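Thanks for coming. I will go through one structure today, starting with the overall numbers and then moving to the cores and the charged pairs.

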Amino acid sequence: MSGVSSVIRRPAFEKSNVELVHGLWANFTGSKTAAADEDDPDDAGVPNGNLPETSRSIPYTLWTSIENDVLHIPSNMFHFRGLSEERSQYDITVKLFLLPQASFHHWRQHLQEAIAAVLDELEVESIDLLIVSFPGISFEASSEESGGCGSNKIDATEPELLDFILDAWQEVSLLQSKGTVGKIGLAEFGRERLQKFLPRTPHRPAVDQINVRDCHVLPQPMMSFAKEEQIELLTHNDCTNILPQGTLRDILGDGEHGAGVLAGPDSKIKGLTGDVTPQWVVKYTAVIRDRGVIENKGYFASADLSDQFPR
């Protein structure tokens, strides 16, 4: 199961999880409206993207598509692909969120799927920067750093988690060696974790993106270490678990604001049943270099649906 991206233009300070949910809902609503218009031309032009009662129950099969056993929500036919200018005019940044519910063993596959989705959407052969956010990692306030802000918490599961991260990082490095990705980066890696990570890979990150919600300025030891290792520090306000399982089920469910893809226990719609589990979310941004204008921004989300069968 995968979600087709939406072009979303919202305030820069809006948190990514809110932006994602709004974008998915608007995209699903718009696609469902378009499908309803095609099914009943006399009901075309629904204002404000609000579906009339006769269209709310439109089967999901009319506005989704299946390809290679993957359900695309919505169908690719309901949106525009590509960029308006030559590829050389853009800086394209991609951030992949590997979600907590996804198996470590599938991370490399998720990387391939996410990058392929963005390349297909933008109709390009490469991106300029890929940042990977791994689950279970956050840059938090700590008394271990000067100024009381900024070290990672290292727990008993750290060595095993780091092994999985390094395995996935090999896939990131492979994408870079193929020319599919320019610069590669990590998210939420504090000084201690970087000191454990860097000696174990020949493919060094060019970027470390950090959420500084607990402090206005990065701690000096972190900045000094990054400078010494030639790692650029960037800040963000993204959520690590950007798409919780319950949120996704609400979006796809049969409630008042749901897309009607998943049927509930007492549902009257013909939808899928089963447990939906988010696997990854990828955010992409295409900025026109000369003008610094965001032309295209959107998300893809992927999830597994277990024990599914149409009602």
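Of the 311 residues of the protein, 49% count as buried, where buried means under 20% relative accessible area, exposed over 50% and partly exposed in between, with a 1.4 Å probe and protein chains only. This is a predicted model, in which local features need pLDDT of at least 70 and side-chain atom pairs count only at pLDDT 80 or more, while totals for chains, interfaces and linings use all residues. Residues are numbered from 1 along each chain as its sequence is written, and side-chain values use heavy atoms, with hydrogens and water left out.

The accessible surface comes to about 15,200 Å², by the Shrake-Rupley method with a 1.4 Å probe, counting only the protein chains shown as cover for residues. Carbon and sulfur atoms hold 50% of that surface. The secondary structure amounts to seven helices and ten strands; these are DSSP runs, numbered from the N terminus, with helices being H or I of at least four residues and strands E of at least two. As for contacts, meaning heavy atoms within 4.5 Å, take those between residues at least 6 apart in sequence: 70% of them join residues at least 24 apart.

H3 covers residues 107-122, which is 16 residues. The expected span of a helix is 1.5 Å times one less than its number of residues, so H3 should span 22 Å, and its end C-alpha atoms are 23 Å apart, which agrees. Which residues of H3 are buried? They are Trp 107, His 110, Leu 111, Ala 114, Ile 115, Ala 117, Val 118, Leu 119, Glu 121 and Leu 122. In general, an α-helix has 3.6 residues a turn, so residues three or four places apart point the same way. After H3 comes Glu 123, with a positive phi near 55 degrees.

Now the cores. A nonpolar core here is a set of buried Ala, Val, Leu, Ile, Met, Phe, Trp, Tyr and Cys residues joined through side-chain atoms within 4.5 Å. The largest one has 49 residues, and the members touching the most other members are Ile 92, Val 94, Leu 130, Phe 134 and Phe 197. Elements giving two or more residues to this core include strand S4 (90-98), H3, strand S5 (127-133), helix H4 (158-177) and strand S9 (272-288). H4 supplies the largest share, nine residues. There is also a second, separate core of 27 residues, which includes Leu 20, Leu 71, Leu 262 and Ala 301.

Back to Ile 92. Not counting residues up to four places away in sequence, Ile 92 touches residues including Leu 83, Leu 122, Ile 127, Leu 129 and Thr 285. Thr 285 sits in strand S9 and counts as buried, at 15% relative accessibility. With neighbours within four places left aside, the contacts of Thr 285 are Asp 91, Ile 92, Thr 93, Ile 294, Asn 296 and Lys 297.

On to charged pairs. A salt bridge is a side-chain nitrogen of Lys or Arg within 4 Å of a carboxyl oxygen of Asp or Glu, and the count by this rule is 13. Asp 91 pairs with Arg 289, with the closest N and O atoms 2.7 Å apart. Asp 91 is in strand S4 and Arg 289 in the loop between S9 and strand S10 (293-310), 198 residues apart. Both ends are partly exposed: Asp 91 has a relative accessible area of 33% and Arg 289 one of 38%.

What about Asp 238, buried or exposed? At 6% relative accessibility, Asp 238 counts as buried. Asp 238 forms a salt bridge with Lys 95, closest N and O atoms 2.8 Å apart, and Lys 95 is buried too. Asp 238 also forms one with Lys 283, at 3.0 Å. Lys 283 lies in strand S9 and Asp 238 in the loop between S8 and H7, so this pair ties together parts 45 residues apart in sequence. Lys 283 is buried, at 15% relative accessible area.

Last, Glu 19, in helix H1 (residues 16-39). Glu 19 is buried, with a relative accessible area of 2%. Its side chain makes a polar contact of 2.5 Å with that of Tyr 299; a polar contact is a pair of N or O atoms within 3.5 Å, where within protein one must be able to donate a hydrogen and the other to accept it, and residues adjacent in sequence count only if both atoms are side-chain atoms. Glu 19 and Tyr 299 are 280 residues apart in sequence and 9.3 Å apart in space, C-alpha to C-alpha.
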